[in-house]
Amino acid sequence: MTDPSKYKFNHSMLRVKDPKASVKFYEHLGMSLIDKKEFPDNKFDLYFLAYAGSNSASGKNHWSDREGIIELTHNYGTENDPDFKPANGNKEPGKGFGHVCVSVDNIQAACKRLSDAGYKFQKRLEDGRMRHIAFALDPDEYWVEIIAQNPVDKTEDVKETDLGTYRMNHTMIRVKDKDVSIKFYEDTMGMQLMRTNENKDAGFTLYFLAYGQHPGEASSNGVNPGAFREGFLELTWNHGTEKESGKVYHDGNSEPQGFGHICVSVDDLDEACKRFDEKGVSWKKKLTDGRMKNVAFILDPDGYWIEVIQNEKYKAPPGKY
């Protein structure tokens, strides 16, 4: 048997041009390189970054027993290819994935620290009507949302920021039909719908799903309850897309490539895959396919890839990852 209450939203994968520049950016955001996997025969490396300090959400858990990891995939040679630029998912062609999000203690100080280091912003705190969030740009121009754990009006004059309090809070993807997607992530993947944020005037609604306990409704700024935890999946539904014919959003794995997948770790990989089979999922890769017998990939209703791996807290994986 498998218990979906033990599943974890382990990581989100992004393809990067230059791993040195990308790792430096995420380390500046307070993350640590917790693992690196090299595949020279296949000409790519994987870099796993997460908040790993004594105050982090997952402490010193094994990487497969964590949430809030960012996996950076580097295909050899892209750093020297002037024509290579990952698609950030926020413009056509290639619109689908939206952003990753980091929650911080004192948002003004955190944003100033990024700006002082020379990093660019898609939206600064002072831009537009939403003065409680910002969007930084990583070296590949992926959007990194910055949200506040503490009331924005109380931290205006605070000059310090503690990287040890930061959280990799959520990953956002756009979905065509919110009913179909929510049903899939709840019934098939075992997540819970934790929060809904409807924006009627702007014509979109946000749905936040996660594993584990409900974070409650307490919010510093009235808009981001759960800012102190990791592992949210944000589904953005632009009203009316469900009426469009065919595929609306890009999964990031056909050209133009960028975002690759989200990943769920499970208590028993074999049993979980049997359960997914019984749920009638569409497979990109079954456990038995190919040489890698320790990972599987499911397709969600929009064609986004979901990697499924063994949480090594519960048992050893079928083979080396």
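**View 1. Pairing of Leu14 with Phe259 between strands S1 and S13.** In this predicted model, Leu14 has Phe259 of S13 as its bridge partner. Strand S1 (residues 8-15) and strand S13 (residues 259-266) run antiparallel and are joined by 6 bridges; strands here are DSSP runs of E with at least two residues, numbered from the N terminus, and two strands pair if DSSP finds at least two bridges between them.

**View 2. The open sheet.** The sheet has 8 strands in the order S2-S3-S4-S1-S13-S16-S15-S14, with mixed pairing. Because S2 and strand S14 (282-285) stand at the edges, each with a single partner strand, one side of each is left without a neighbour in the sheet.

**View 3. The hairpin of S2 and S3.** Strand S2 (residues 32-39) runs antiparallel to S3, with 7 bridges joining them, and Glu38 has Asp45 as its bridge partner in S3. Between the strands of this hairpin are 4 residues, and Lys43 takes a positive phi near 65°.

**View 4. Surroundings of Asp45.** Asp45, in strand S3 (residues 44-50), is buried (under 20% relative accessible area, 1.4 Å probe, protein chains only), and its side chain makes a polar contact of 2.6 Å with that of Tyr76, the term meaning a pair of N or O atoms within 3.5 Å, one able to donate a hydrogen and the other to accept it, where residues adjacent in sequence count only if both atoms are side-chain atoms. A polar atom of the Asp45 side chain also lies 3.4 Å from the backbone nitrogen of Phe39.

Residues are numbered from 1 along each chain as its sequence is written. Local features need pLDDT of at least 70 and side-chain atom pairs count only at pLDDT 80 or more, while totals for chains, interfaces and linings use all residues, and side-chain values use heavy atoms, leaving out hydrogens and water.
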